[in-house]
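Biologist: I'm new to this one and would like a guided tour. Could you show it to me, and then I'll ask away?

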Amino acid sequence: MTDNKKIPYKIYLEENEMPKQWYNVRADMKNKPAPLLNPGTLEPMTAEELGHVFCDELVKQELDDTTAYFDIPQEIQDFYKMYRPSPLVRAYCLEEALGTPAKIYYKFEGNNTSGSHKLNSAIAQAYYAKKQGLKGVTTETGAGQWGTALSMACAYLGLDCKVYMVKCSYEQKPFRREVMRTYGADVTPSPSETTNVGRKILAEHPGTTGSLGCAISEAVEAATTREGYRYVLGSVLAQVLLHQSVIGLETKAALDKYGIEPDIIIGCAGGGSNLGGLISPFMGEKLRGEKDYRIIAVEPASCPSLTRGKYAYDFCDTGMVCPLAKMYTLGSGFIPSPNHAGGLRYHGMSSILSQLYDDKLMEAVSVEQTAVFEAATKFARIEGILPAPESSHAIKVAMDEALKCKETGEEKTIVFGLTGTGYFDMVAYEKFNDGKMEDYIPTDEDLAVGFAGLPKVDK
């Protein structure tokens, strides 16, 4: 059933068709992601060691690379129903404007107050913290979507929420900050004077605008020095990609309803949560040899961990207090330029996605932010949704691929993730509209500084 007339503009699932289990792509990976290492001993982190930082149930999910499916607790399923299932949209207007024979679909995750996909994992992590009897959680946030989502989840469950927000985003997005505070979160610009690691980073980098790596360091310190608190992370970790698999599972179910098979699947990539969630069931089919898809990760040219990074063990944070993860990285000391896609300003990449990329099961491209905002503006005018800068990286490459189809005459089916809205990113749009936005691409010399700080690990 591929007649255009029979495919609605928005494909919705019924509530009873929503996923009842999360899918763990690691179960189907022949080459498993390398384990997290204790930075002191360089041995794999144990459940006991991780339990000092993360909730117990989340530690189990993090370490399990063989169980294919995890049941979604009923309480989380009920919360999901407040904003899920999210629509899979056929971009008829965009197809017409581009004059392409390609068929374009996007999974829209912006239909909730947090404005993004982040709520899928926030409620899960907050739920397990509450179930464990904790007082609260600490976290970092870049653009603010994750902090907003976690503050919503914590308010719903009656947990305390402390957020360290990357300083440049804290200043660029005051209204995102205020949404978090409205939901009861305590929000601190990072790096700050409130932690030992924050003070150290400020001493070494006076006036720094911060990064996700800095904010992670502060949040971990805050969690491990307070009784009854644990740290939660919005991306990168296996547990987060597991929770975000609801995106891909819903996408696949919606496509299957109409017998649609995608040729190309595209997502923006910072730490990897939305991309990993979107591609998980499709990658599972690819790993099992059942189907083949072209999967593209899109990252900012200013923070090109996959396209220009090294595949090595590195600290997950700038303050070097977190475990070591084997990933594509620019070095934990790399401080990205203050571009306007705060959620993608991370020096590394999910170990799962890094392994898949290293095994050549997916591709990666980097794009400059002025081109990204050109695509975002065009998309907003055509499809009516103001996209987040992060998601606009995927929009840019989806449009590029559709235009290639225009040249070749191929009717490829393209699916991309529209992971959030850009209504709190108006400073960025203002810079673009005023012609004041600049592109920054780090030189090889710039990257060499970060690479020089990589830990020496013989594994």
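Biologist: In strand 15, which residue is the bridge partner of Y105?

Modeller: Keep in mind that this is a predicted model, where local features need pLDDT of at least 70, side-chain atom pairs count only at pLDDT 80 or more, and totals for chains, interfaces and linings use all residues. Residues are numbered from 1 along each chain as its sequence is written, and side-chain values use heavy atoms, with hydrogens and water left out. Strand 5 and strand 15 (residues 413–418) pair in the parallel sense over six bridges; strands (E, at least two residues) and helices (H or I, at least four) are DSSP runs numbered from the N terminus, and strands pair if DSSP finds at least two bridges between them. For Y105, the partner over in strand 15 is V415.

Biologist: And which residue of strand 5 is the bridge partner of L88?

Modeller: Now we look at strand 4 (residues 88–90), which runs antiparallel to strand 5 and is joined to it by three bridges. L88 has its bridge partner in strand 5, and that is K107.

Biologist: How many residues of strand 5 are buried?

Modeller: Buried means under 20% relative accessible area, exposed over 50%, and partly exposed in between (1.4 Å probe, protein chains only). K103, Y105 and K107 point one way, I104, Y106 and F108 point the other way, and all are buried. So by that cut-off, the buried count for strand 5 is six of six.

Biologist: What is the relative accessible area of S114?

Modeller: S114 sits in the loop between strand 5 (103–108) and helix 5 (119–131). Leaving aside neighbours within four places in sequence, S114 is in contact (heavy atoms within 4.5 Å) with residues including L119, Q145 and R176. S114 counts as buried because its relative accessible area is 0%.
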